[in-house]
Amino acid sequence: MTKLEEFDYIIIGCGLAGISFCEKLIANNKTFIVFDNESQQSSSVAGGLYNPVILKRFTSVWKSKEQLELALPVYEQIEKRLNTTLDFKVPVYRKFSSIEEQNDWFAASDKPNLSPLLSTKIHDNKNENLEAAFGMGEVLDTGRIDTKLLVESYKAFLETNKKLKKEVFNYDDLELKETSLSYKGIIAKHIIFAEGFGLKQNPFFKELPLTGVKGELVTIHAPELKIDFVLKSSVFIIPIGNDLYRIGSTYDRVDKTNTITPKAREELLEKLKTLITCDYEVVNQVAAIRPTTKDRRPLVGRHKECENVYVLNGLGTRGVMIGPYVANQLYNFIENNEALNEEIDIKRFKDFR
C-alpha cells in the first residue's frame with residue numbers, strides 16, 4: 001500500500017503569488033507541496049518593477065508603503081536562500097512632455113503621501129540618444145526584481161527539496177473532507193489556488209471577476225543608448241544589462257492567448273521612436289495574460305462553502321509589490337484568524353459571501 005504524503009498546504013501555481021505564500025510558510029515552519037504546469041507566464045515575463053507611484057496621474061499606489069515594507073525583506077531572504085541576485089536598485093525617471101507636466105510633478109510632490117516618493121529635482125537630459133527636452137522627474141524607493149530568474153530559481157529550489165510537482169492539477173481528483181482534503185495520495189489541511197489567469201478554469205473560483213489583460217514586451221539591444229535608469233513615458237524602457245532594454249507594455253483586453261503579435265510589436269516600437277534616436281535591434285518578444293480585476297484589487301479569501309479551500313490571485317500589473325502583502329494577509333487569516341482587508345476579500349462580491 002502506497003504511503004500517504006501529509007502536508008499543511010497544497011499550493012497551485014508557482015508565480016509571484018504562489019512564491020510569496022511559500023515564503024510565508026517557510027518562515028513559519030509549515031509543510032507544503034506546489035503544483036505548477038507552467039501554463040501561466042505572467043510572472044516570468046513581467047517587467048518586474050516596484051514603483052510606489054502611478055506615473056500617469058502622479059498618485060501613490062494603493063498601500064505602497066505597507067507593500068514595500070513587506071516585499072523587500074522577502075526578496076532579500078529569497079536571494080540569500082537561492083544564493084543569487086534578484087533585486088536591482090534602479091531609479092525610475094518620468095519624462096516630462098511639457099512645462100505643465102513639470103508643474104504637476106511639483107504639485108504632487110507637495111502632497112504628504114507623495115513627498116517622500118518624488119524628488120523635487122528636475123533631471124536635465126544629457127543623453128543625445130534620448131528625447132527629453134523638458135527633463136525628467138525621479139521616483140524614489142524603486143527597483144526591479146528579475147522575475148524570470150526568480151521563478152526559474154525558485155522552482156529549482158522547490159524541486160531539489162521535493163516540494164514541486166510539474167504537472168496539471170486535476171480538480172476532479174480533489175476530495176474535500178471536514179477538516180482536511182486529499183489529492184492523489186496527498187493529504188493536506190488547506191489548499192491555496194494561486195493560478196493567475198488559469199483561475200478561469202477553476203470550478204471553485206471561476207465565477208470571480210478576474211478579467212485578465214494581455215501584455216506584450218519586446219527586448220532590444222541598443223549599445224549606444226547607455227542609460228542606467230528606467231524611463232517612463234508612453235512606454236517603459238527598463239535596462240536589464242549588457243546593453244539590453246525591455247520595452248513595455250501593451251494592454252489588450254480581448255486577446256486571451258500567450259501568443260506574441262506583430263501588432264503589439266509595432267505599437268511598442270512606434271512609441272519607442274518618440275523616446276530614443278539611436279539604432280537598436282529587437283532580440284525578443286514575450287506575451288502573457290496578467291490576472292487583473294475591474295476594481296484593481298486582488299482576489300483573496302476562503303471559498304464560501306469549502307472551509308479549507310482558498311484563493312490568492314488578481315495581483316495585476318504590480319505583482320512584485322503586492323504578492324508578499326496579500327500572502328501575509330491570507331496566512332494570518334488562515335492561521336491566526338485575522339480579518340482580511342475588506343478591499344481584497346472576495347466577500348466584497350455578493351456571490352462569494
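# Strands, salt bridges and turns in a predicted model

Biologist: How many bridges join strand β1 to β14, and in which sense do they run?
Modeller: This is a predicted model, so everything here is read from computed coordinates. Strand β1 covers residues 5-12. It runs parallel to β14, and the number of bridges joining the two is seven.

Biologist: Which residue in β14 is the bridge partner of Tyr9?
Modeller: Strand β1 spans residues 5-12 and pairs with β14. The bridge partner of Tyr9 in β14 is His190.

Biologist: Is β14 largely enclosed or open, and how many of its residues are buried?
Modeller: Buried means under 20% relative accessible area. Strand β14 has eight residues, 186-193, and it is largely enclosed by the rest of the structure because the buried ones number six of the eight.

Biologist: Which residue stands opposite Ile191 of β14 in β21?
Modeller: Strand β21 covers residues 309-313. It pairs with β14 in the parallel sense over three bridges. Opposite Ile191 stands Val309.

Biologist: In which sense does β13 run beside β14?
Modeller: Strand β13 covers residues 181-183, and three bridges join it to β14. Leu181 stands opposite Ala188 in β14. The two strands run antiparallel.

Biologist: Which residue in the turn between β13 and β14 has a positive phi?
Modeller: β13 and β14 form a hairpin. Two residues lie between the strands. The one with a positive phi, about 45 degrees, is Lys184.

Biologist: Which residue of β10 stands opposite Phe88?
Modeller: Strand β10 covers residues 143-145. It pairs with β6 in the antiparallel sense over two bridges. Opposite Phe88 stands Arg144.

Biologist: How many salt bridges does a search of the whole structure find?
Modeller: One of them joins the side chains of Glu23 and Arg81, at 2.6 Å from N to O. Another links Lys30 with Glu335. The search finds 21.

Biologist: How many residues apart in sequence are the parts that Glu23 and Arg81 tie together?
Modeller: The side chains of Glu23 and Arg81 meet in a salt bridge. Glu23 lies in helix α1 (residues 16-27) and Arg81 in helix α2 (residues 64-82), so the pair ties together parts whose separation in sequence is 58 residues.

Biologist: Is Glu23 buried or exposed?
Modeller: The cut-off for buried is under 20% relative accessible area. Arg81, at 28%, counts as partly exposed. Glu23 is at 7%, so it counts as buried.

Biologist: How far apart in sequence are the parts that Lys30 and Glu335 tie together?
Modeller: The closest N and O atoms of this salt bridge are 3.4 Å apart. Lys30 lies in the loop between α1 and β2 (32-35), and Glu335 lies in helix α6 (residues 319-336), so the pair ties together parts with a separation of 305 residues.

Biologist: Are Glu101 and Arg94 buried or exposed?
Modeller: These two form a salt bridge, with their closest N and O atoms 2.9 Å apart. Glu101 has a relative accessible area of 18%. Arg94 has one of 9%. Under the 20% cut-off, both residues are buried.

Biologist: Is Arg296 buried or exposed?
Modeller: Arg296 is found in the loop between β19 (281-290) and β20 (299-302). With Lys56, Arg57, Arg253 and Lys256, Arg296 gathers in a patch of positive charge on the surface. At 65% relative accessibility, Arg296 counts as exposed.

Biologist: Which residue does a cis peptide bond join to Gly248?
Modeller: Omega of this bond is about 0 degrees.

Biologist: What is the phi of Asn29?
Modeller: Asn29 lies in the loop between α1 and β2. It is exposed, with a relative accessible area of 70%. Its phi is positive, in a residue other than glycine, and is near 55 degrees.

Terms used
Residues numbered from 1 in each chain as written. Predicted model: local features only at pLDDT ≥ 70, side-chain atom pairs only at ≥ 80, totals over all residues. Heavy atoms only, no water. Pairing = 2+ DSSP bridges. Helix = DSSP H or I, 4+ residues; strand = E, 2+ residues; numbered from the N terminus. Patch = residues over 30% accessible without salt bridge, like charges linked within 9 Å, V, L, I, M, F, W, Y side chains within 5 Å. Areas by Shrake-Rupley, 256 points an atom, 1.4 Å probe, with all protein chains shown as cover. Salt bridge = Lys/Arg side-chain N within 4 Å of Asp/Glu carboxyl O. Lys, Arg positive; Asp, Glu negative; His and termini not counted. Charge placed at Lys NZ, Arg CZ, Asp CG, Glu CD. Buried < 20%, exposed > 50% of the residue type's maximum accessible area, 1.4 Å probe, protein only.
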